[in-house]
Every structure is written in structure tokens, then in C-alpha cells.
Amino acid sequence: MATGQLFSKTTQALFYNYKQLPIQRMLDFDFLCGRETPSVAGIINPGAEGFQKLFFGQEEIAIPVHSTIEAACAAHPTADVFINFASFRSAASSSMSALKQPTIKVVAIIAEGVPEADSKQLIAYARSNNKVVIGPATVGGIQAGAFKIGDTAGTIDNIVQCKLYRPGSVGFVSKSGGMSNELYNTIARVTDGIYEGIAIGGDVFPGSTLSDHVLRFNNIPQVKMMVVLGELGGRDEYSLVEALKQGKINKPVVAWVSGTCARLFKSEVQFGHAGAKSGGEMESAQAKNQALKDAGAVVPSSYEAFESAIKETFDKLAQDGKIAPVKEVTPPQIPEDLNTAIKSGKVRAPTHVISTISDDRGEEPCYAGVPMSSIVEQGFGVGDVISLLWFKRSLPRYCSRFIEICIMLCADHGPCVSGAHNTIVTARAGKDLVSSLVSGLLTIGPRFGGAIDDAARYFKDAYDRNLTPYEFVEGMKKKGIRVPGIGHRIKRGDNRDKRVELLQRYARENFPSVKYMEYAVQVETYTLSKANNLVLNVDGAIGSLFLDLLAGSGMFTKQEIDEIVEIGYLNGLFVLARSIGLIGHTFDQKRLKQPLYRHPWEDVLYTK
């Protein structure tokens, strides 16, 4: 066991099993104490590597993350404290691995429930190798103004209240972590504060004992008195009694063993800690308190009198000139986290992204305000989801059904169109699904798919301006623009596209009005008089019918319709639909295990 000070203002630790809050609390304490370097040198997170971003005052820092204890110790040879936040299942093995590293001197084990046999092995190894184990079942410890372990002493407000940002003259050791927070506050009220405080943990076999730390404090010149808080159960306090009797301790010890109420119960009492179990008479709080008093410790008559006993002891040392007044300092203000400040209403922070279509902050995601459960329970289809996410409203069923028909009809158009061809070539090159899909999607534009938007724009403009089909077509011709949505490579006036016929039939049967579609048909009649292949194609049919859907539903203003057409909603429909087919082509090529595609020479005209 170490015989003197464990920590200093330059002590650094390795933190096992990443926990954001206790690490940030350590770093905030560092800043409060005016440390130049963070006390956490590295984080060990099995299976992960990289960095974790945390705050050191106002500055954001990146703390290295290592996948193994050995790698972390090698990377940070000056870090001699190992803070173990592993669960009780792996705490013993990871702690032993840390103890075996030559750079590690102190291991703090936070987990409760570590098997007693494992604890004994850890204790034996630590003692034989002159190392210190704090815990298991500990909150850790603190050296005021220098270093703290994990969540020791709680929040920053509590640390400031207890004046732990600068050293005092009292060495404190307790079995209980929760009670140590209480005593830090008590000691700060009636003395100049803590120099070092340790919670040894409440298990039956702690890695270091109350007397181990009292003997250490006795060798630290800055510690002028010791305060000890024990509890019923076990016999740890008796080693302190023996040390006092043997004259090994020459500084005042104020002690109290809690659990005197156990005698009020007729049966054996088990308190919160595994070791706090009332056994025989010697393990009772009364017997321990009497033994400590007989050995020379200052023991009050009750816990309520504990504070007064600490104060009287400290005041006498001060009167005798053994304690010099501590110079008070004003600790720096810890910057408040933005999220905390926003929640408390202290600041207004601008957002960087606006979303009006979905919200996942509640118990379940919502699409345009409609909970996900309602979408499923009401039997909504893909068209209904699109209406919520694209148009921010529930469209009538005939509208959402029309959207679904469009998706089905446009999902694929064979392997030879540009998008499918690109996807097939990319898949055969061994690329992944996303790469293959994107390579096909990137061909969508004015000549492939994008004509839906243009068809809607031009048909709407012509109809709204009351242009006759002749005026519209001839006007476009003068501008050198082909009429979008008119013309097909294969289909003719006497061999129409079945998809167009299906869409037109559905609209005539279900839409309140089909004025834009009928106008497109009139334009087709005129263009067919010029050439038999200038038929209304599927792009033109969808473009004109979508205008009828928007106008006829009565759910959109004229301005909204113009905006929908201008933004490119209809092209989005084609992109969504065709993605289904492109994904299918990717899977098809992968399933068939097709080799790398190379275009045949005979299909290329080589010329100068």
C-alpha cells in the first residue's frame, strides 16, 4: 500500500468503458482547479478506436480512444490511475489487466457486486506489487484542487459549495460514497476544507481499508487532521484502532461508525452496502465507536454531534498554530452546456436546420403530425406517406392511389434505358448497391425522366393562358423547344402506350376534373396530324394528370401548385419509382454473377 500522496495536480488517468458524464465532470473539475492539462489522458472502449470530443473549459478537446488496456498504457505512459467503469461481470478481469501494467499505480473500481474471490485476488496482487485499489463499489476519491475520480463529490455546484477547488487541511475516508458527499459539505462548513477524500467502497472486501488511508494521511504534511466515517459490519475499523494504540498515528482522528440503530431491530440487519451487515457484537456500530474512543480517536455521542466534534478539533489545531489560514480563491465559472442552458431558458440559440414534414422527438415518429402508429393502424399506403411527407397533408384516397399507380407504372422500363444501363454496368463492375443505384439515378434529366416536370410546366402555362393546341405547339417550335410529354421512340397513334391509357381511364373515373389532361389530349391530336409517333407519352400523361390532381382536390392554392411544379415534385415521383427498378437490376446482376461489362468493338464507330 502506498504510504503517501496518491494524486497531484498533474495526475492523469485512463478511463475504462466510456461514460460521457463522469468524464466531463472530471474535466470540469480540472478547469475549476486551474489545471493546465486534462486529467483524462485516454479512454479505453473495447472494440473501438478514434477520439471522443469533450469540453475542457470553453475549449473542445479530442481525447484518444483505445480498444485495449495495453494500447492505452503504451500510448499514455504518464497516466498512472485507472478508473474502471466496467460492469461487475468484467470489472475484475479488466482491473487485473490494469494492475499488471507497469505504468498503473492506482485502480478505482466503480462496479458493485464484484465476486469476493475476485476482489481478494486483486487485493493480494495490488499489495504484493505496491499498488492501490480503491473499491469495488466506490464512487472514487478526490484531492482538492488537483484531481478527482469520476463522479466523486457530485455536481460542480456541490464541489464549489464544498470548496473542493482548493486544498484544505483535512484527510477524509469513508466506506460510503453517498455519505462522503455529505461529509465534504459538513467539513467545509466547520474547517478549511478537504485535502484528500476517499470512499473505499461498501463491499465486504475493499481493495484498501480505512486504516490504509488514515496511515497515508498521517504521512502527508498538508493533512493536519483526519475524519473517518465507518459503518457496522466487518472489522475494518479495528485495524485503525490497533494503529492508534500502537502510536502509528500522531494527528487527531475524528471518527464515527454509523448503524447504531441496528440494535433497535430484533433480527440481523442488512444495510445498503454488502459489508454493512450487523453480525456479532464486535461488528456493531456501538462496539466500534467505543473501541475507537478508547484508542484515542475523537468519537461523538451521535452522528448529529459529528460536525461539532470536527469543528472543535479543527479549532483547537488552529488555536495552537498548527493550521495556517487558507487563502480563499474565486474559482472560474464553468461554461454551461448549450443544451442545458436552452432547456433552462437562459439562452436563445439559432437552429441550423428546419423541418416541417417529420418529427422524431416524441414517443414515436410523426409524418406531418400524424403518429407512425396511426399511419399503420389506418391502413395508409405508400401514396399516403408521400402525401404527408411531400405535400404535408393527407390527400384523398383517390389521389394517394393515383400516386401509387404512377410509381408502379414507372418503376422500370427495361434494361436498355440509360439509367438501367448505367446501373447494370456499375453492378457488373462489382460496386455496391448504393453506388449502382446512384449511377443510374444520375442519368435522370431533361432527356430521361425529367420531362414530367417540364410537361406539367408547359401544359399548365399554355392552358392557363388559353392557348389553342396550334398556338402552343407552333409557339414551342418557333422557340426551338420540343413539346415535353409528346413523342415516343416506339409507340404510335395506332399503338398507344398502355400505361397512358390506364392513367387516363383512372383519372376520368376518379378525378373531379381532368381539364389539363384533356388539354394534353387535344395537343396530342394536333401533333399526330404532323407525325404518327408524336403521341402523348407517360411523362406527359403523369405531368398533366398531376396538375388535375392538385387543382381538382381543392387542397392547394394556385401559388402552392405553381411552387410544387417549379420545385420539381413530379421529377421526385419518377426518381422514387425508377429507384425500385434500378435496385432490381442491381440485384439481378449480382444474383446472375455477371462479369465486368465491356462494350463490343463492333458497336463503336472508330473514325478520325
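# Sheets, helices and a buried lysine

Student: Three strands form an open sheet; what is their order?
Tutor: Strands (E, at least two residues) and helices (H or I, at least four) are DSSP runs, numbered from the N terminus. Two strands pair if DSSP finds at least two bridges between them. The pairing in this sheet is antiparallel, and the order is E14-E15-E16.

Student: What kind of model is this?
Tutor: Residues are numbered from 1 along each chain as its sequence is written, and side-chain values use heavy atoms, with hydrogens and water left out. Local features need pLDDT of at least 70, side-chain atom pairs count only at pLDDT 80 or more, and totals for chains, interfaces and linings use all residues, because the model is predicted.

Student: In E16, what is the bridge partner of Cys366?
Tutor: Strand E15 (residues 366-367) and E16 pair in the antiparallel sense over two bridges. For Cys366, the bridge partner in E16 is Pro371.

Student: How many bridges join strand E3 and strand E4?
Tutor: The hairpin of E3 and E4 has two residues between the strands, and Gly57 there takes a positive phi near 70 degrees. E3 (residues 50-56) and E4 (residues 59-66) pair in the antiparallel sense, and the number of bridges is seven.

Student: Six strands form another open sheet; which are its edge strands?
Tutor: The order is E9-E8-E11-E10-E12-E13, with mixed pairing. Each edge strand pairs on one side only, and these are E9 (147-148) and E13 (253-258).

Student: In E11, what is the bridge partner of Val173?
Tutor: Strand E10 (residues 170-174) and strand E11 (residues 194-199) pair in the parallel sense over five bridges. The partner of Val173 in E11 is Ile198.

Student: At about what angle does helix H9 run to E13?
Tutor: Axes are lines fitted to C-alpha atoms, for helices over the stretch in contact (heavy atoms within 4.5 Å). Angles run from 0 to 180 degrees between N-to-C directions. Helix H9 (residues 285-295) lies across strand E12 (225-231) and E13, and its angle to E13 is about 170 degrees.

Student: Is Lys288 buried or exposed?
Tutor: Lys288 lies in helix H9. Leaving aside neighbours within four places in sequence, its contacts include Glu231, Tyr238 and Val257. Buried means under 20% relative accessible area, exposed over 50%, and partly exposed in between, with a 1.4 Å probe and protein chains only. The relative accessibility of Lys288 is 1%, so Lys288 counts as buried.

Student: At what angle do the axes of H17 and helix H22 cross?
Tutor: Asp453, Ala456, Arg457 and Lys460 in H17 meet Lys558, Ile561, Asp562, Val565 and Glu566 in H22 (residues 558-567). The two axes come within 9 Å, and the crossing angle is roughly 140 degrees.

Student: Which residues are buried in helix H18?
Tutor: Cover for the buried residues of H18 includes helix H17 (451-464) and helix H20 (515-528). H18 is followed by Gly480, whose phi is positive, near 75 degrees. In H18 itself (residues 469-478), the buried residues are Pro469, Phe472, Val473, Glu474 and Met476.

Student: Where is Pro136 placed?
Tutor: Most residues other than glycine have a negative phi, and most peptide bonds are trans. The bond from Gly135 to Pro136 is cis, with omega near 5 degrees. Ala137, although not a glycine, has a positive phi of about 60 degrees. The place of Pro136 is the loop between strand E7 (132-134) and strand E8 (140-143).
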